[in-house]
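Student: Please take a close look at one part of this model, the surroundings of the DNA. Then set that part in its context.

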There are 4 protein chains.
Amino acid sequence: MGVEPVRQSRELVSDARQIRSRGALSRALLELLEEQSFDQLTIRAITARAGTGYATFFRHYPDKEALLADVASEEIAGLLARTIPLLHDINSLESTRALCTYVAAQRKLWAALLTGGAAGIVREEFIRQARALDQSVARPQFWLPADLGVVFGTGATIDLLAWWLAQDEVYEAGAIAAILHRMVIAPLVGDSTLAAGPV
Amino acid sequence: MGVEPVRQSRELVSDARQIRSRGALSRALLELLEEQSFDQLTIRAITARAGTGYATFFRHYPDKEALLADVASEEIAGLLARTIPLLHDINSLESTRALCTYVAAQRKLWAALLTGGAAGIVREEFIRQARALDQSVARPQFWLPADLGVVFGTGATIDLLAWWLAQDEVYEAGAIAAILHRMVIAPLVGDSTLAAGPV
Amino acid sequence: MGVEPVRQSRELVSDARQIRSRGALSRALLELLEEQSFDQLTIRAITARAGTGYATFFRHYPDKEALLADVASEEIAGLLARTIPLLHDINSLESTRALCTYVAAQRKLWAALLTGGAAGIVREEFIRQARALDQSVARPQFWLPADLGVVFGTGATIDLLAWWLAQDEVYEAGAIAAILHRMVIAPLVGDSTLAAGPV
Amino acid sequence: MGVEPVRQSRELVSDARQIRSRGALSRALLELLEEQSFDQLTIRAITARAGTGYATFFRHYPDKEALLADVASEEIAGLLARTIPLLHDINSLESTRALCTYVAAQRKLWAALLTGGAAGIVREEFIRQARALDQSVARPQFWLPADLGVVFGTGATIDLLAWWLAQDEVYEAGAIAAILHRMVIAPLVGDSTLAAGPV
DNA sequence: CTCTAATCGAGACGGTACGTCGCGTCTTACG
DNA sequence: CGTAAGACGCGACGTACCGTCTCGATTAGAG
């Protein structure tokens, strides 16, 4: 009877109506996150903003968190995949600059995710995913516990990017990359030359 | 009628019963935060755990957040007061060690606040208070925006302490202080000797 | 677009598929009425039982009630046409026996209608139709309001038949006819001989 | 937490607020039953009419049926207690008249219960309760199955009373009692004199 | 025997009532 | 007569079913 199992993945949906509904809900969520915190955000408010029926929400997602995950999870994975390698690159400063440029290219999305009402949740999801990756890749220093390295590196990077995206006067990606590298990446990889030198 | 204006501050309370109720509620909150997230914590659960009447809660606090603030706000201010000066001390490593020792002395409280269900809120409150302090004191480097310095320094310190308190095998305060200094404090104050050298 | 006007009457349908769908829905309704009440019966359950698509239901009937009416209305009219004349027959006992024999011949159908989950609705439809007939035919006694005679006669007859059909050990049609005649028909037509005498 | 067990019985309630709420809900139910059927009656509509909050309904009754039972169950038992003895009284006509007078005295209540939207349910509850009573008391005739006697007697009596209460021009209790006695009671007890004679 | 239009299944959708839960206010009965 | 216990109005929750709608995929029956 009232089965209607929730579709798991975004791409497996072909029906045009479903695509429309999901798009509307995602857009509504990002819009509302600019105004209020994720916790005090109502599913009713999301569906109202999206222009869909209330029950339609549950035909796609079991709860608010699932919608956020659908919006953010892959983006987070994508960004993480570009962050972890920073620690091994020969020229880590150049790579850091590439990372910032990538974020700047999707500035609107990342501003919503990192400075909006879901910032805390997105931040935790970042760290959760980072910890789940093979930690051996993230062990740059013998005196630093690997897990702490991951938590510190990921958290500090997110904080720095979030601060950047929250500014009205836009710093250039290069400037932020320099700071990010000097404050976070270099201490992790032990790149003393750059860490100590001028920018 | 049902006027009963809520008492604003903790010290203005003299009645023995009020002190008892507030203590019970605070203790109940900290206990419950070890089990579940702050958001999904109900006032009914807090009062049940505290052994007080449901309505009694509202005679002391307007809502959950107020109770948390009452428990955490001053502690946060106290810890912050010990953190900011790190950036100006001649011997910042020594000061960092003092900070970690202080936290270790109140390990139970800080574990509840920094690793429990309210961790996110407490973290944000830390940063909020830090930003509100005179930022001039926190400008160690010309190439680093002052506000970003505060956000980065505070956030990274909290993350590091939270990670430490979440470990079962207890690292010594000195070891953590060394890491904290090398990863966060030194880069902020430009203490290149320590930052670059081995530990 | 979605015009597809609902067919009003049963006989105007020629397409084999429509006949099949309607038959399946009718059968499903009667089956389900043996298990639960008409009210708590959902259209989804009917179509599932019938093996038809959900929307197909609405291509034939505007709502649940219409399906029930399609199944029951003509049967009710047919039975009523055999009941009313009882009141004028010379030999009313013989006619009553004929009525019961007729019901027994369609026992399965009438058991579903009179003892199943739609019993109340079918009963009211009986009385509604009986009242709509010319009431002059039903005025056997000067001291009895005609409308009351119809209501009493129809209602009591239905109740008696329903009780009969609900019994596991099957009373013979003749025995029920005797009781029906003695308790309902005779008092209505003033047949004092039979009403007062022993059976 | 959300315990608040529903109070079972009407009299065990002492709190003035509960009494007020229950009264308002009962009154609202009876009012609305004059306008529409019980099934299509919404709990929201009942609470709206009663002027209470929606959730308050469930603090007193688990569902619509329970409210109806609270309103009707004892009244039904009371009326039944006056109906069954009719079959044994020496002077059954006199007793029948007393029954009708009793109903007339509470005309408003019984009109709501027997002619309103819950008529079918109330009727079934009448028969259910009657069947549950010791059936030996209701066996007046050897040729009539006891259970059928109960069903017929109760059902026919209710129908007759319902018809009476539905009339605008009010028949006198005595006139209805005469008809009820002649059509239902006399045939059941075999009182041939009255059944055949004039009124 | 084909081909065209009616009918079908499947099920997403906007609605709305359900019954539950927690909030914060206000009343009551009890100690 | 002050306080705990808890009833209340409110509103969001997640579920179920309604009746409408759009999709192809058959499949009948007219030509």
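Tutor: **Around the DNA strands**

A residue is near a strand if its C-beta atom, placed from the backbone, lies within 6 Å of it. The model is predicted: local features need pLDDT of at least 70, side-chain atom pairs count only at pLDDT 80 or more, and totals for chains, interfaces and linings use all residues. Residues are numbered from 1 along each chain as its sequence is written, while chains are lettered from A and ligands numbered from 1 in the order in which they are written.

By class, the surface near DNA strand E has 13 nonpolar, 15 polar and 13 charged residues. Here Ala, Val, Leu, Ile, Met, Phe, Trp, Tyr, Cys and Pro count as nonpolar, Asp, Glu, Lys and Arg as charged, and the others, Gly among them, as polar.

Now DNA strand F. It is surrounded by 35 residues, the closest being G53(B), A55(B), S21(D), G53(D) and T56(D). Elements giving two or more residues to this surface include α3 (54-60) of chain B, and α1 and α3 (54-58) of chain D. Chain A gives α2 (43-50) and α3 (54-60), and chain C gives α1 (16-33), α2 (43-50) and α3 (54-60). Helices are DSSP runs (H or I, at least four residues), strands likewise (E, at least two), numbered from the N terminus. The surface near DNA strand F divides into 13 nonpolar, twelve polar and ten charged residues.

Next, the chain fold. Chain A has ten helices and zero strands. Of its 199 residues, 36% count as buried, meaning 20 or more other C-beta atoms lie within 10 Å of the residue's own, with C-beta atoms placed from the backbone (exposed is 12 or fewer, partly exposed in between).

Helix α4(D) covers residues 64-83; its 20 residues should span 28 Å at 1.5 Å a residue, and its end C-alpha atoms are 28 Å apart, which agrees. The expected span is 1.5 Å times one less than the number of residues. A kink of about 40 degrees is centred on A72(D); the bend is the angle between axes fitted to the seven residues ending there and the seven starting there. A72(D) is also buried, as are L67(D), L68(D), V71(D), L79(D) and T83(D).

Finally, chains A and B touch. Each gives 20 residues to the contact, where two residues count if their C-beta atoms, placed from the backbone, lie within 7 Å. On the side of chain B, α8(B) gives the most, with eight residues.
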